[in-house]
Amino acid sequence: MGRKFFVGGNWKCNGTIEEVKKIISILNGGDVPSSDVVEVVVSPPYVFLPLVKSELRPDFHVAAQNCWVKKGGAYTGEISAEMLVNLDIPWVIIGHSERRALLGETNEFVGDKVAYALSKGLKVIACVGETLEQREAGSTMEVVAAQTKAIAEKISDWSNVVIAYEPVWAIGTGKVATPAQAQEVHADLRGWLSSNVSAEVAESTRILYGGSVNGANCKELAAQPDVDGFLVGGASLKPEFIDIIKAAT
Ligand SMILES: CCCS(=O)(=O)CCC(=O)O
């Protein structure tokens, strides 16, 4: 059985209710393949989660951009896994590079958060990826394997995990990995899963590409055998997000 194509939209915006409602309207009017062909999940800033959940078309789903885990009884004021469950928000993005770089989220902490979110019944988009310096040093796969290992050490059930490979140097920069670069890392990552987790997990786990995906480059990226979809930034706030969903193969 093939892996269902997955398109996530990460609405990293300082938006207003009016802007969010406009995006919802664009999505609700979009002519896209059925949910049997492509799984669509959009991730607004926390404050808009209930609004998007209530107004978004039923064949699209909602994710939070992070969740906090109860550590020593304190929350950071962000949204917790338990609150997402209470709000009936099924997905959460964990380990985004901006949190790793700016908030010091370590590989182990990301692994703990993935395990905790899964334990509460959430589905997780787990982000991994290297910086430009790490790529130029030739350590891309070493970095991505270590990030994935930290997750693999904390979970046993991968059925609710999607991995998003984000070359940090392509996020919000307009630089995009070439299809060959994306395919190489995705294939190596799938090989790592096969060797270190299981052939079944390697075969069934969707690996998304994220980093300046747009309506112009999505088709060629989607044609790569180990690219199972996208986690889209800026373009997910625009009508071209419908075109990216249509790139589903
Ligand atoms: C894997 C995360 C990708 S993302 O959500 O940061 C969007 C990347 C972009 O800005 O194009």
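This is a predicted model: local features need pLDDT of at least 70, side-chain atom pairs count only at pLDDT 80 or more; totals for chains, interfaces and linings use all residues.
Helix α7 meets helix α8 through T140, M141, V144, A145, T148, K149 and A152, which touch V185, D188, L189, W192 and L193 of α8. The residues of this contact divide into 8 nonpolar, 2 polar and 2 charged.

**How α7 sits against α8**
- Helix α7 spans residues 140-152 and helix α8 spans residues 179-196, and their axes come within 10 Å while crossing at roughly 40°.
- That angle makes α7 oblique to α8.
- The crossing in which α7 passes α8 is right-handed.

**How α5 sits against α7**
- Helix α7 also has α5 as a partner: α5 covers residues 107-119, and the two axes come within 7 Å and cross at roughly 40°.
- α5 and α7 are therefore oblique to each other.
- From α5, the residues N107, E108, G111 and V114 make the contact, and from α7 the partners are A146, Q147, A150 and I151.
- Sorted by class, this contact of α5 with α7 holds 4 nonpolar, 3 polar and 1 charged residues.

**The largest pocket**
- If you are looking for open space in the model, the largest pocket has a volume of about 280 Å³.
- Its lining counts 21 residues, and the closest to the centre of the pocket are G172, S212, V232, G233 and G234.

- About 210 Å³ of space lies in the second largest pocket.
- This pocket is lined by 17 residues, and S97, A101, G129, T131 and V168 lie nearest its centre.
- Three helices, α4 (97-102), α6 (132-136) and α7, each supply at least two residues of the lining.
- α4 gives the largest share of that lining, with 4 residues.
- By class, the lining of the second largest pocket is made up of 6 nonpolar, 7 polar and 4 charged residues.

**Where to look again**
- Helix α7 is a handy landmark: it contacts α8 through residues including V144 and T148, it contacts α5 through residues including A146 and A150, and it supplies at least two residues to the lining of the second largest pocket.

Terms used. Residues are numbered from 1 along each chain as its sequence is written. Side-chain values use heavy atoms; hydrogens and water are left out. Axes are lines fitted to C-alpha atoms, for helices over the stretch in contact, and angles run from 0 to 180 degrees between N-to-C directions. Angles under 35 degrees count as roughly parallel, over 145 as roughly antiparallel, 65 to 115 as roughly perpendicular and the rest as oblique. A crossing is left-handed if the near helix is turned anticlockwise from the far one by less than a right angle, and right-handed if clockwise. Contact means heavy atoms within 4.5 Å. Ala, Val, Leu, Ile, Met, Phe, Trp, Tyr, Cys and Pro count as nonpolar, Asp, Glu, Lys and Arg as charged, and the others, Gly among them, as polar. On a 1 Å grid over the protein atoms alone, a cavity is a set of points where a 1.4 Å probe fits but cannot get out, and a pocket is an open set with protein on both sides within 12 Å along at least five of seven lines; lining residues have an atom within 4 Å of a point. Grid points are joined across faces, edges and corners, and a volume is the space filled by probe spheres set on the points.
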